[in-house]
Amino acid sequence: LTDTIMVIHVGDDGKPTLISLPRDSYVIIPAHIALDGSSIEDRKNKINTAYSKGGVPLLVETVERNTGLHIDHYMQVGFKGIRDITNAVGGVNMCVPADVTDKNSGLNLLAGCQELDGKNALAYVRMRYADPKGDIGRGERQQEVVKQIMKKALSPFTLLNPLRAPRTVSALANAVTVNKGVGPLDLVPLAFALRSGGIDSATLPNKAGGN
């Protein structure tokens, strides 16, 4: 199952918009051949099951079917990748609005602005049961962590640091999987767009319960 689904759109003016798709959104998953070889007709289910049923191609098709958007490229990052990238850039600064303890994610933080290492950053983006806004709040935190990682990864302090730069590049290379035909240089404009200020963020309404 996918834990986090985001769509990044960069307009003609170069300004990016980061959109979170709640993983529990109840959507139509298109007809497909499942990973076990069985034939499945159109059916409604949570959007995060599309990946487990048909891999990345079905997840992309499901997002396109239910949003009307065309997805040009995809990036896939695992939990270990988030942790390793965060550690490689020296952690990310997050302002936690209130003390939080979440047994499910293992997060235990005091309120205030603080540097999160890879372990805590991963728990921070996964935590939802201790967040009064649930998946919506988690989506907002995930967007902020993505922005902070890109900001630090492309900062002069990282790029010009002979020790940190190679470590960051290595972590990114090992953590990120992209679709065929996309190389590291193709992702540079996107990375710089995310690093720039004025990033618009949004979370689509959670269509749950089959409505």
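**Reading spaces, pairs and patches**

Guide: A search of the whole structure, which is a predicted model, finds one cavity of 30 Å³ or more. As a general idea, rolling a probe the size of a water molecule over the atoms shows where empty space is left.

Visitor: What volume does the largest cavity have, and which residues line the largest cavity?

Guide: The volume of the largest cavity is about 90 Å³, and its lining consists of D3, T4, I5, S20, L21, P22, R23, D135, R138, G139, Q142 and T203. Divided by class, this lining has three nonpolar, five polar and four charged residues, and α4 gives the most to it, with four residues.

Visitor: How much space lies in the second largest pocket, and which residues are the closest to its centre?

Guide: The second largest pocket holds about 260 Å³ of space. Its lining has 15 residues, of which P97, Y124, M127, D131 and R141 are the closest to the centre.

Visitor: Which elements supply at least two residues of the lining of that second largest pocket, and how does the lining divide by class?

Guide: β8 (92-96) and α4 (134-153) each supply at least two residues of the lining, and α4 gives the most, with three residues. By class, the lining of the second largest pocket has nine nonpolar, one polar and five charged residues.

Visitor: Let us turn to charges. How many salt bridges does a search of the whole structure find?

Guide: The general idea is that side chains of opposite charge can pair when their charged atoms come close. In this structure, the search finds 11 salt bridges.

Visitor: How many residues apart are D84 and K80 in helix α2?

Guide: D84 and K80 are four residues apart in helix α2 (residues 79-88), and therefore they are separated by about one helical turn. The two form a salt bridge in which the closest N and O atoms are 2.7 Å apart. D84 counts as partly exposed, at 24% relative accessibility, while K80 is exposed, with a relative accessible area of 54%.

Visitor: And which parts of the chain does the pair of E115 and K152 link?

Guide: The side chains of E115 and K152 meet in a salt bridge with an N to O distance of 3.0 Å. This pair, too, links distant parts of the chain, since E115 lies in strand β11 (residues 112-116) and K152 in helix α4, 37 residues apart. E115 is partly exposed, with a relative accessible area of 45%.

Visitor: Finally, which residues form a nonpolar patch on the surface?

Guide: The nonpolar patch on the surface is formed by I8, V10 and M75, which together have about 210 Å² of accessible area. One of its members, I8, has its place in strand β1 (residues 6-10). I8 is partly exposed, because its relative accessible area is 31%.

Terms used. Residues are numbered from 1 along each chain as its sequence is written. This is a predicted model: local features need pLDDT of at least 70, side-chain atom pairs count only at pLDDT 80 or more; totals for chains, interfaces and linings use all residues. Side-chain values use heavy atoms; hydrogens and water are left out. Patches are made of residues with over 30% relative accessible area and no salt bridge: like charges are joined within 9 Å, nonpolar side chains (Val, Leu, Ile, Met, Phe, Trp, Tyr) within 5 Å. Accessible areas come from the Shrake-Rupley method with a 1.4 Å probe; for residues, only the protein chains shown count as cover. A salt bridge is a side-chain nitrogen of Lys or Arg within 4 Å of a carboxyl oxygen of Asp or Glu. Buried means under 20% relative accessible area, exposed over 50%, partly exposed in between (1.4 Å probe, protein chains only). On a 1 Å grid over the protein atoms alone, a cavity is a set of points where a 1.4 Å probe fits but cannot get out, and a pocket is an open set with protein on both sides within 12 Å along at least five of seven lines; lining residues have an atom within 4 Å of a point. Grid points are joined across faces, edges and corners, and a volume is the space filled by probe spheres set on the points. Ala, Val, Leu, Ile, Met, Phe, Trp, Tyr, Cys and Pro count as nonpolar, Asp, Glu, Lys and Arg as charged, and the others, Gly among them, as polar.
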